[in-house]
Amino acid sequence: MRFETRAIHVGEEPNLKDGGYGDVAMPIHVASTYARKEVDQPTAGYEYARTDNPTRNALEKRLASLEEARFGMAFASGLAAETSIFLALLRANDHVIAFDDLYGGSRRLFSQVFAGNFQIHIQYVDARHLSQIENAIQPHTRMIWLETPTNPLMKLCDIRAISELAHSHGLIVVVDNTFASPYFQQPLKLGADIVVHSTTKYLNGHSDSVGGAIMVSDETLYRKIKFVQNAAGAILSPFDSFLVLRGIKTLAVRMRRHEQNALAVARFLEKHPRVKQVYYPGLASHPQHSLACRQMSGFGGMISFELDADVKQAKKFVESLRYFAVAESLGGVESLIELPALMTHASIPRKEREKIGLSDALIRISVGIENTEDLLEDLDAALATVF
Ligand SMILES: Cc1ncc(COP(=O)(O)O)c(C=O)c1O
């Protein structure tokens, strides 16, 4: 099966035997526990719904197939998935090297919870440069944590090269693949060990569910993380599992359309005289455009940019738009816009933000799948209102 077919069929094969009804959509199994005839014989392998639930398991099978992984696991949020990786694989005094441009909530979790409370040492480096990673490796380094493209500055890192370096030192490579989605990038195939997603974004795609996912092929890693999924219990609910299963069916068509609109928006912004800089890996002007062409099969729907403006004007611009809702999050069918320094990344101290080039006036767009002309006209009108 190719990607589009797997996205529809894997995990949701109609049950035509054993008294099944042949549902073409996976039922939402709500039971918290499962009765058994004999004390030591769970029925159909199910014991308790935190451990396993048929609707969640159907999604987990599909998630694995999208990243061409052997195993998938679904969590209550992207951050719950990230937390589970830390709990499963790290101990006090371990050292983690992380890309310095990460989703603000990931940095808050790493710096304030794991470094702050659990003595896990986090070192942020500019992972665009392999030498920075190499120089950061220490005897107690265990893991390299990457996002590519990054949120919000759309920086890329070379997953294959970093994985080779990491494996030569016995380190685990984790890639947050939320921005690209498995439709445009498959980190495990490039050598990464663990892929993590906020399913809240493109995988669900409709801004109506919060969830997370982990995909791995190594069975030892799977067993350790699966143990924590049950032991700590940050699982995705059956209803959310149903929503994400449904959303994923259209992932391929949505991603192609997100990209088509994003390219149009990026080109429009790049030509506008009041736009200073556009960050979109699909533009030839992106400093890592050739890496994007090599490692991704498309460039996605996320753009960030700088107006020739102060924060007040940037705020006025986003508040003047008609179709772009001013909101956090991304990856839904509707266009969203925000100022990361004041919203999604506000928890990162200003000094740290400045170090990575995240200015207060930076604007991030999650380009939706609306009519392209409507989006361009809306942007044009809002720019005219400010300037
Ligand atoms: C790249 C990235 N990773 C992880 C997360 C966290 O996911 P969640 O909000 O589902 O916990 C987000 C949320 O915005 C994100 O953008």
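Predicted model: local features only at pLDDT ≥ 70, side-chain atom pairs only at ≥ 80, totals over all residues.
Is R350 buried, partly exposed or exposed? At 45% relative accessibility, R350 counts as partly exposed (buried is under 20% relative accessible area, exposed over 50%, partly exposed in between, with a 1.4 Å probe and protein chains only). Residues are numbered from 1 along each chain as its sequence is written, and side-chain values use heavy atoms, with hydrogens and water left out.

**View A. R350 and E354 pair up within helix α13 (residues 350-356).** Helices here are DSSP runs of H or I with at least four residues, strands are runs of E with at least two, and both are numbered from the N terminus. R350 makes a salt bridge with E354, with the closest N and O atoms 3.9 Å apart (a side-chain nitrogen of Lys or Arg within 4 Å of a carboxyl oxygen of Asp or Glu). The two sit 4 residues apart, about one turn of the helix. E354, at 51% relative accessibility, counts as exposed. Shared partners join R350, R353, E354 and D360 into one salt-bridge network.

**View B. E338 and R364 meet in a salt bridge.** Their N to O distance is 3.2 Å. E338 belongs to strand β11 (residues 336-338) and R364 to strand β12 (residues 363-366), so the pair ties together parts that are 26 residues apart in sequence. E338 is buried at a relative accessible area of 1%, and R364 counts as buried at 3%.

**View C. K189 and E68 form a salt bridge.** Here N and O are 3.1 Å apart. K189 sits in the loop between α7 (181-184) and β6 (194-198), E68 in the loop between α2 and β1 (71-75), and 121 residues separate them. K189 is partly exposed, at 49%, and E68 is partly exposed too, at 41%.

**View D. I303, F305 and F317 touch the most other members of the largest nonpolar core.** A core like this is a set of buried Ala, Val, Leu, Ile, Met, Phe, Trp, Tyr and Cys residues joined through side-chain atoms within 4.5 Å. Domain 1 (3-248) and domain 2 (251-386) both contribute, so the core lies between them; the domain bounds come from an automatic or database domain assignment.
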